[in-house]
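Subject: Handover of a structure and a summary of findings

Dear colleague,

Please find the structure below, with its sequence.

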Amino acid sequence: MLILSIETSCDDTGVSILKVDKRKREVKILANFISSQIKIHRPYGGVVPSLAKREHQNNLVPLLKKSLKRVKILKEKERGINLDSQASLRKILDRDPDLFSALIEFFSSYRKPPINYLAVTIGPGLEPCLWVGINFAKALSYFWHCPIIPINHLEGHLFSSFLNSRGEAPFVLKKNIFPLLGLIISGGHTELIAVRQFGEYKILGQTRDDAAGEAFDKVARLLGLPYPGGKEIAQIAKNVSQLDNQISLPRPMINSPDLDFSFSGLKTAVYYLVKDNPEIIQQKRNLIAAEFQQAVVDVLVEKTVKALKEKEWDYKMVVLGGGVSANLLLRKVFKERISRVIFPQLKYCSDNGAMIALAAWYHIQKRLDS
Ligand code: KG4
Ligand code: ZN
């Protein structure tokens with residue numbers, strides 16, 4: 001079985017192909033292409049939805065072709081497409097004219113590949129971007145007669161750590177991985193989720209204001225670092241061998257009785273530190289970055305340990321997901337404090353199609369089992 005997935009929820013365009021061979025107990029990503037738009041959004045200090053939409057429209061067909069080619073299922077045909085099909089495609093893509101032209105060219109040149117299912121992210125994310133991916137999936141579904149599996153982006157992040165470096169998911173066919181505790185930390189979300197089994201979730205805590213990644217991005221901006229700021233902060237924080245009390249930032253809500261988070265106070269603390277004393281950026285930028293990073297990590301790990309102690313269910317492991325889970329200090333501290341914690345491969349931390357295909361496989365399996 002082959003699942004082709006599409007991810008366009010924010011500023012990364014992702015297309016992947018997952019192969020499942022249940023008899024051989026094999027679940028493997030065969031192609032995973034991502035087109036990052038960082039350079040386009042960087043001058044604006046954040047993602048500009050209209051630009052992101054345009055880029056998704058431009059990127060999808062090239063990534064589709066690359067993916068099919070990688071799996072050796074991109075086969076040319078005699079050129080042509082009937083008028084009825086053209087009219088239907090125009091209807092599906094009436095708001096995406098560039099995508100329409102690229103797809104007309106694609107469908108008239110290539111045969112239907114042996115794809116069994118299409119998976120597409122339907123949210124949460126930026127609405128105009130999500131629609132490009134959804135309409136693209138609809139067009140493929142119309143021409144290839146494949147069903148579409150709609151996927152929640154967070155479900156993708158939640159199970160992304162099950163993919164190993166070769167793109168295989170040896171865990172996935174096993175039933176004994178649940179219940180598990182998930183921590184999603186991305187640019188848009190910070191959520192602690194109890195997962196009893198696939199599809200059965202309880203949100204234990206979430207951010208009341210900024211997401212962890214958003215805080216990294218905003219503080220980076222205050223420190224004069226480019227967007228996206230997470231990696232930049234981590235990079236300059238590496239120059240600091242030891243924190244001292246010259247710079248001290250709060251750990252918001254670290255001892256609150258619930259499992260919620262709050263990061264906007266931390267950002268505000270950096271704002272006042274810099275505003276009251278602008279030279280500090282020149283003198284102590286690395287130190288501020290290191291203290292900020294440590295503060296975020298301290299809060300995240302403390303709340304995760306608290307959730308484990310509270311044992312909503314009898315967790316077998318803790319899984320992390322989302323862009324911030326790429327942070328190396330965070331990985332070190334989580335490993336020190338929690339024995340059974342797993343992280344996504346670095347290539348699967350930020351948005352990608354592979355995690356969407358894997359979540360789709362869970363949904364398909366559930367349907368087949370019931
Ligand atoms: O999951 P993701 O790619 O997109 C969303 O779904 O939001 O996460 C992006 C976020 C950005 O805020 C970025 O600054 C942050 O992940 N990030 C990091 C690191 N790499 C990316 N934050 C901290 N440390 C990193 N190494
Ligand atoms: Zn994401």
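A pocket is here an open set of grid points at which a 1.4 Å probe fits, with protein on both sides within 12 Å along at least five of seven lines. Please bear in mind throughout that the model is predicted.

By this definition, the largest pocket holds about 1,600 Å³ of space. Its lining is made up of 48 residues, and those nearest the centre are Pro228, Gly230, Gly323, Val324 and Ser350. Several elements supply at least two residues each to this lining: strand S3 (26-36), helix H6 (153-159), helix H7 (212-222), helix H8 (229-237) and helix H11 (328-337). The greatest contribution comes from H7, which gives 6 residues. Sorted by class, the lining of the largest pocket contains 18 nonpolar, 18 polar and 12 charged residues.

The second largest pocket has about 250 Å³ of space. It is lined by 11 residues, and Lys175, Phe178, Gln197, Phe198 and Tyr362 are the ones nearest its centre. Helix H12 (residues 353-369) provides the largest share of this lining, namely 4 residues. In the lining of the second largest pocket, 5 residues are nonpolar, 2 are polar and 4 are charged.

I turn now to the sheets. One open sheet consists of 5 strands in the order S3-S2-S1-S4-S5, with mixed pairing. S3 and strand S5 (148-152) are at its edges with a single partner strand each, so one side of each has no neighbour in the sheet. On average, neighbouring strands of this sheet are turned by 20 degrees against each other, direction ignored. Strand S1 (residues 2-7) and strand S2 (residues 12-21) run antiparallel and are joined by 6 bridges. Isoleucine 3 stands opposite leucine 18, which belongs to S2.

Two helices lie across strands of this sheet. Helix H2 (residues 49-70) lies across S1, S2 and S3, and runs at about 30 degrees to S2. Helix H5 (residues 127-144) lies across S1, strand S4 (117-123) and S5, at about 160 degrees to S4.

Is serine 141 buried or exposed? Its relative accessibility is 18%, and since buried means under 20%, serine 141 counts as buried. Leaving aside residues up to four places away in sequence, serine 141 touches Leu118, Cys146 and Ile148.

Another open sheet of 5 strands has the order S8-S7-S6-S9-S10, and its pairing is mixed. At its edges are strand S8 (200-206) and strand S10 (341-342); each has a single partner strand, so one side of each is left without a neighbour in the sheet. Strand S6 (residues 180-185) runs antiparallel to strand S7 (residues 190-197), and 6 bridges join them. Within this pairing, leucine 181 has alanine 194 in S7 as its bridge partner. Helix H10 (residues 279-310) lies across S6, S7, S8 and strand S9 (317-321), and runs at about 160 degrees to S6.

With kind regards

How values were computed
Residues numbered from 1 in each chain as written. Chains lettered and ligands numbered in written order. Predicted model: local features only at pLDDT ≥ 70, side-chain atom pairs only at ≥ 80, totals over all residues. Heavy atoms only, no water. Pairing = 2+ DSSP bridges. Contact = heavy atoms within 4.5 Å. Axes fitted to C-alpha atoms, helices over the stretch in contact; angles between N-to-C directions. 1 Å grid on protein atoms, 1.4 Å probe; cavity = no way out; pocket = protein on both sides within 12 Å on 5 of 7 lines; lining within 4 Å. Points joined across faces, edges and corners; volume = space filled by probe spheres on them. Nonpolar A, V, L, I, M, F, W, Y, C, P; charged D, E, K, R; others polar. Buried < 20%, exposed > 50% of the residue type's maximum accessible area, 1.4 Å probe, protein only.
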